[in-house]
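Please open the model in your viewer and keep a selection tool at hand. The stops below follow one another, each with a residue or element to select.

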Amino acid sequence: MSLRQPAAVVTAVGIGLRECWIGAAVAVYLLARLSPEIDGLSPQGQAVLGATAAGATLWISEATPIGLTAIVVLVLLALSPGMRLSDAAGGFSSEVVFFLIGAVAIGSAVEISGLAARAARFLGRMARGSPARLYVQVIASLPAFAVLVPSAITRNAILIPAYRDALERMGIGHTDRSGRMLMLALGVLNPLASSALLTGGLASITAAALLGGFSWLRWFALMSVPYYALLFGGAFLLRCLVGPFEPARHAQPQEQARQPFSAVEMKTLLVLAATLALWLTDHFHHLSPAIPALSGAAVLLTPRLGVLSWQAFESKLSWGIILSIGAALSLAAAMTASGAADFVSRSVVSHLAGLANEPMLLIIGLVAAVALIHLAITNLAACIALLIPFAATIAERAALNPIVCGLIVTIVVDAVILYPIQTATNLLAYETGYYGAADVRRLGIGMLLLTVIVIFLTIPYWNMLGLPLTLG
């Protein structure tokens with residue numbers, strides 16, 4: 001047998017699997033469209049549910065490029081009864097899309113100006129040329145960095161270019177375990193550091209608004225323990241799943257005299273500092289985070305004044321990211337508007353009613369149900385806003401504390417990510433090419449089990465702080 005035959009067989013199998021996933025996506029959409037009308041679900045909701053299932057199948061399997069899947073999802077949404085293309089594409093008007101555009105411009109300027117390389121040299125010195133130390137460094141710094149830069153998307157826009165340069169300086173390639181671990185940590189674990197803070201992002205703000213009665217310190221006291229446990233436990237889990245670190249292939253260059261900042265670097269630093277100042281003072285001016293991001297991008301792209309050419313920016317801006325986030329937000333909005341999200345939530349929740357007399361089993365069921373629903377509703381705030389009221393209903397039936405159940409919903413939505421486009425933060429890291437959807441899925445399943453363990457260990461701690469699981 002020639003050496004080429006196994007490769008041919010593998011290729012044929014790969015193509016067959018891809019076609020099977022595409023066929024499954026088409027089949028699940030046609031099943032939703034052609035099935036008799038389901039009680040409690042409108043024809044539009046049924047079609048939207050089919051489009052969501054088809055899109056999730058393609059995104060999870062990577063059977064088609066993520067941008068192509070987004071286009072297919074938009075077409076399927078536009079074919080839903082009573083929906084036009086302008087309605088189906090409503091997600092592209094979200095501030096998240098424009099925030100990402102601004103963040104990509106700022107990240108590109110950080111890289112092109114030389115700031116990323118300067119940061120990479122500093123990180124390399126701190127890690128002493130070791131990928132393992134670099135990984136420990138990023139995990140240990142995330143809680144402190146989240147205080148300075150609360151948005152996980154913003155942190156990734158700043159950190160990804162620097163850590164990518166640091167990996168390249170060590171000779172770590174896109175197929176190496178060390179790069180996969182570090183970028184997965186930035187994509188999946190990074191947001192956990194934000195949500196430990198009340199002002200850390202949409203997830204914590206939305207949950208606190210729905211549950212009510214939280215000061216910044218009260219939220220931190222309750223949520224820092226589970227979130228930091230998931231952050232550091234997830235880092236250990238990721239190390240176990242991916243395997244040992246490779247040694248650096250390139251020796252660290254000899255320490256050179258530190259060069260002064262160039263004019264280009266100074267311009268980029270000034271714009272970055274002004275943008276961060278606006279982000280950190282949003283409670284005074286109430287501007288959307290997208291406005292400072294776009295303003296900073298505009299300055300950096302302005303001829304003569306800025307540091308980034310339009311051509312360089314276009315080469316860095318991924319249509320896959322923009323299309324995927326817009327389509328995912330459109331799906332979330334359509335699921336809510338058509339009643340499909342409410343139908344799915346009620347259907348799942350109704351199966352939990354029988355566990356009212358078994359609080360611990362009910363908690364496990366709630367965690368699994370939230371993870372399942374989050375597959376369809378990718379928008380974190382929308383998912384939390386939809387599920388917390390249902391969690392409160394379950395809590396009332398089972399004589400459980402609705403605040404505890406609401407906090408559990410928030411943790412699960414944040415911690416369990418099963419495919420790349422479930423969060424914009426993860427998608428930014430995914431686009432670097434260091435890991436694939438299968439890596440996200442494996443880590444997500446592990447995080448699901450870890451989340452159950454952490455929640456069970458956190459419930460006695462919450463009880464000590466005057467927040468018991470059971471009432472009466």
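Leaving aside its neighbours within four places in sequence, which residues is R180 in contact with? Select R180 together with T175, V242, Y434, Y435 and D439, for these are the residues it contacts, contact meaning heavy atoms within 4.5 Å. The model is a predicted one, in which local features need pLDDT of at least 70 and side-chain atom pairs count only at pLDDT 80 or more, whereas totals for chains, interfaces and linings use all residues. Residues are numbered from 1 along each chain as its sequence is written, and side-chain values use heavy atoms, with hydrogens and water left out.

R180 belongs to helix α9, residues 177-195 (helices are DSSP runs of H or I with at least four residues, numbered from the N terminus). R180 is buried but has no salt bridge, and D439, its nearest side chain of opposite charge, is 4.2 Å away. Buried means under 20% relative accessible area, exposed over 50% and partly exposed in between, with a 1.4 Å probe and protein chains only; a salt bridge needs a side-chain nitrogen of Lys or Arg within 4 Å of a carboxyl oxygen of Asp or Glu. Here Lys and Arg count as positive and Asp and Glu as negative, while His and the chain ends are not counted. A polar atom of the R180 side chain lies 3.5 Å from the backbone oxygen of T175.

Next, select D439 and R442, whose side chains form a salt bridge at 2.7 Å, N to O. The two are three residues apart in helix α22 (residues 437-464) and so are separated by about one helical turn. D439 is buried, with a relative accessible area of 14%, whereas R442, at 46%, is partly exposed.

E246 lies in the loop between α11 (216-242) and α12 (263-280) and R177 in helix α9, so the pair ties together parts that are 69 residues apart in sequence. E246 is buried at 11% relative accessible area, and R177 is partly exposed at 28%.

Finally, select helix α8, residues 152-169, whose 18 residues reach 25 Å from first to last C-alpha, close to the 26 Å expected at 1.5 Å a residue (1.5 Å times one less than the number of residues). At L159, shortly before the proline P161, α8 has a kink of about 35°, the angle between axes fitted to the seven residues ending there and the seven starting there. Of the 18 residues in α8, 16 are buried.

Key. Polar contact = N/O pair within 3.5 Å; in protein donor to acceptor, adjacent residues only side chain to side chain.
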